[in-house]
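Open the model in your viewer and keep the sequence panel beside it. The tour goes from the whole chain to a single residue.

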Amino acid sequence: MSTITTRCPHCQGLNRIPVERINDKAVCGACKEALLDGKPLEGTTDNFQAVLQSEQAVVVDFWAPWCNPCVGFAPVFEDVAAERAGQVRFVKIDTEAQQALAAQYRIRSIPTIMVFRQGKLVDTINGALPKSHFDQWLNQALAK
């Protein structure tokens, strides 16, 4: 049985999840909060491919800590993640820490937002957006 390791978005504790249970409602072993819904998940080379295979659509924010637009967009991304908990998975990938993923997805500017469904890229947008514009774009992307 293969597993992925993910960091809890609430307490930052590391948790292992069997890949076969990626669609279950996993909770953190330490704080008992939801691991995969309600807050963006930290995407890494170790867990990203398994997360993409989720039955739910996956929205990914490629960002960097030194990027002011990325930092400004983070609260918008988190708000939408909370509002769409249980419907869509949200993932943040730090392009500085996860350079292999940034190269694999040919990230040239940040923030870059991508939507995946069953592992396949559905839509992409570059740049930080106000919440209303992000919601509108996301609704269109999810309808594809």
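Here are the stops, in order.

**Ground rules.** This is a predicted model: local features need pLDDT of at least 70, side-chain atom pairs count only at pLDDT 80 or more, and totals for chains, interfaces and linings use all residues. Residues are numbered from 1 along each chain as its sequence is written, and side-chain values use heavy atoms, with hydrogens and water left out.

**Select the protein chain, as cartoon.** You will find 4 helices and 7 strands. These are DSSP runs, numbered from the N terminus: helices are H or I of at least four residues, strands E of at least two. Trace the sequence and the order reads β-β-β-α-β-α-β-α-β-β-α. The radius of gyration (over C-alpha atoms) is 14 Å, close to the 15 Å from the globule rule for 144 residues, so the chain is as compact as a globular protein of that length. That rule is 2.2 Å times the number of residues to the power 0.38.

**Switch to the C-alpha trace.** Along its principal axes it spans about 35 × 30 × 25 Å.

**Show contacts.** A contact means heavy atoms within 4.5 Å. Of the contacts with a separation of 6 or more, 61% join residues 24 or more positions apart.

**Zoom to Thr44.** Look in the loop between strand S3 (41–42) and helix H1 (48–52). Is Thr44 buried or exposed? Thr44 is buried, because its relative accessible area is 14%. Now select what Thr44 touches: beyond its neighbours within four places in sequence, Thr44 contacts Gln98 and Leu101.

Key: Buried < 20%, exposed > 50% of the residue type's maximum accessible area, 1.4 Å probe, protein only.
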